[in-house]
Amino acid sequence: MRGTIVAGLMVLGVLASCGRMDADSAADAPGDGSVTISGDDVIVAELNWTPPLPRIEPDAVDDARARADAALRDDDLYATAESAIPLYLALSAVEGQERAAATGLRQARARVLVLGRMALDEADTGDSIAGLRAAHAFAAVARYLAADDADVIAYLERVDASDRLWELNRNAERAMQAGDLGEAGGGALAGFRAAAALRPGQPRALQGMAAVESAMIRRAEDAAAEGDFPLATQWLAHAAEIRPGFATVPDAERRIERMRATRIRQLRDAGVAALPKINGVVQARERLAEILTIARPGDPVALDLRERIDRAVHYGDFRPGQVFTDALEGGARGPQMVVLPHGGFMMGALPGDDDADDNEKPRHPVRFERGFAMGVREVTVGEFRRFVDATGYQSRAVRRGFSMAYDERTGNFLRRSNVDWRSDYAGRPAGDTLPVLHVSAKDAQAYVDWLSAQSGRRYRLPSEAEFEYAFRNGSSERYPWGEGTPPEGSGNMTGALDRSPSGRTWGNAFPGYGDGYWGPAPVGSFQPNTWGVHDLAGNVSEWMADCWHATYRRAPGDGSAWVNPGCRDQVIRGGSWASSPAQTRASWRALAQVDTTNARIGFRVVRDL
């Protein structure tokens, strides 16, 4: 049947006969075959058709009727003078043929409407320009035959609606080509929606809306490719309103989320790669800022980079709690170190501490903006021996030939000859795992200088702020365990249950406590604190890097050592195996001349990160 419609159009020349669908508008037709009708192409009142009337000779009437009937049966209705309607119109003027001609015209008109409706169906549902042109041609013929007929009027109204439908779709397509998708109202989306409302289910309008959706998704993906994920999200939100329930937008969301994740990982990797470089933290923070503009709240990759930046700022290449040793020249390893967290604390005696001296005051805030590594244990005899063997260093006690050692007979500390770093608390040969004793502050400094040269890292004595910070390890009590008698196994401290080799006891000790040692224990014999450091409260007191100051007035607030050039007295910190309970408190401090050596003082090291 479609061939009949198109053939009729070709013969009739409908572009001329229907008036408004002219050659100029046809030239504007999009390449996809969509119709192009100008804005005033509502044609109900303007369609004109002039029938090509044939001449019928008197002796050819019967033959003309036969030809007309045959043309009607073949749906050759109006295109030429030999078509059914022109022949019936000519017969209607022949006397005696009026009735037969009228019957033929009614049948032809009915067929015109049937074929016209089919053409409109094809135009509306098949997206056919030929169908709409055929419908126009049928409309012109029907209007000529019976402009006031109800069926004709209904058909003409439907043609008018189809014209509006084409106009809406055509304008919407042009808006799409111009990039006006209609996300803010109007544009292509509004046109296709109006077309779909005029003719629900109309394929061209539905396809147009799908095309708008696809265009918005493309814009979302383009924005994502440029790293503008907020804009991508906006485009997806617009697209999601067009065809709710379809999988296209959720599929696009998953694709863009993968793009987002890939971009975030790329930025994180760039930030991580920058960290070891000069100004790397600045560059990494810039990458993190980019990530935060596109990442969802709580994105784990963003959190990972933030943590890496924080670690780089506060710990360099390390992490809090990390235990390590540095390689020394010749293949040996340095002391075992643990990374302590950056942070702050209140340094000094607690209010109401009756055992506190004025030198522990005033209590003041100290903050470490960068973590540091502290020796897990005190420096041992074996570690100090490696230093002496490597350098030939002669300690203070070796040079002067004596030190202060414990005398079991009297229970006092007495000067004893030939006692030095190789000796234990009583002056006997010391095992390598014991903390080194009988070393001065200068001896300890010589060891950390050697360790720095051997490792290429900066080792030093702790500042007393660092020592108290590690001693307290997050607590704010007088003792690491709180108050009263230490829990069993807390460390090597003076306990009422301790006994010397001859049965001596302490006159001032923690009641009910014993650790099994009279004298220093091998380093690390007791449980470390929560930060992994052993023997801060007991075993041996330790040299600090600070010069002695009688109070904390004007003390550094950054945790650094308070040093005066050429000072003769340095700070010692931490209780020892022979210290009273008051000297085991977190805030206790004392002074000693830099050349002092005895059986209660050793040291540990700190390393910058």
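Tutor: We take the spaces, then the helices, then the strands. This is a predicted model in which local features need pLDDT of at least 70 and side-chain atom pairs count only at pLDDT 80 or more, while totals for chains, interfaces and linings use all residues. Residues are numbered from 1 along each chain as its sequence is written, and side-chain values use heavy atoms, with hydrogens and water left out.

Student: How many cavities of 30 Å³ or more does the structure hold?

Tutor: The structure holds 1. A cavity here is a set of points on a 1 Å grid over the protein atoms alone where a 1.4 Å probe fits but cannot get out. The largest cavity has about 70 Å³ of space; a volume is the space filled by probe spheres set on the points, with grid points joined across faces, edges and corners.

Student: Which residues line the largest cavity?

Tutor: Its lining consists of Met347, His364, Glu464, Ala465, Asp546, Tyr552, Ala555, Pro556, Ser560 and Trp562; lining residues have an atom within 4 Å of a point. By class they divide into 6 nonpolar, 2 polar and 2 charged. Ala, Val, Leu, Ile, Met, Phe, Trp, Tyr, Cys and Pro count as nonpolar, Asp, Glu, Lys and Arg as charged, and the others, Gly among them, as polar.

Student: Pockets next. What volume does the largest pocket have?

Tutor: About 350 Å³. A pocket is an open set of points with protein on both sides within 12 Å along at least five of seven lines. The largest pocket is lined by 21 residues, and the closest to its centre are Pro480, Ser490, Gln527, Pro528 and Asn529. Its lining has 9 nonpolar, 9 polar and 3 charged residues.

Student: And which helix gives the most to the lining of the second largest pocket?

Tutor: Helix 14 (residues 300–315), with 3 residues. Helices (H or I, at least four residues) and strands (E, at least two) are DSSP runs, numbered from the N terminus. That pocket has a volume of about 220 Å³, and its lining residues include Arg308, Arg311, Asp317 and Arg319. The classes there are 5 nonpolar, 1 polar and 4 charged.

Student: On to helix pairs. How do helix 12 and helix 13 run relative to each other, roughly parallel or roughly antiparallel?

Tutor: The axes of helix 12 (residues 248–274) and helix 13 (residues 280–294) come within 7 Å and cross at roughly 170°. Axes are lines fitted to C-alpha atoms, for helices over the stretch in contact, and angles run from 0 to 180 degrees between N-to-C directions. The two helices are therefore roughly antiparallel, a label for angles over 145 degrees.

Student: What about helix 9 and helix 10?

Tutor: Helix 9 (residues 187–198) and helix 10 (residues 203–225) have axes that come within 8 Å and cross at roughly 155°. That makes this pair roughly antiparallel too.

Student: Strands now. How many bridges join strand 6 to strand 7?

Tutor: 6 bridges join strand 6 (residues 402–407) to strand 7 (residues 412–417), and the strands run antiparallel. Two strands pair if DSSP finds at least two bridges between them. Serine 403 is opposite arginine 416 in strand 7. The two strands form a hairpin with 4 residues between them, and glycine 411 in the turn has a positive phi of about 75°.

Student: What is the strand order in the open sheet of 4 strands?

Tutor: The order is 11-10-9-12, with mixed pairing. Strand 11 (589–593) and strand 12 (601–602) are at the edges with a single partner strand each, so one side of each has no neighbour in the sheet. Strand 9 (residues 541–547) and strand 10 (residues 569–573) run antiparallel and are joined by 3 bridges; glutamate 542 has arginine 573 in strand 10 as its bridge partner.

Definitions and conventions
Angles under 35 degrees count as roughly parallel, over 145 as roughly antiparallel, 65 to 115 as roughly perpendicular and the rest as oblique.
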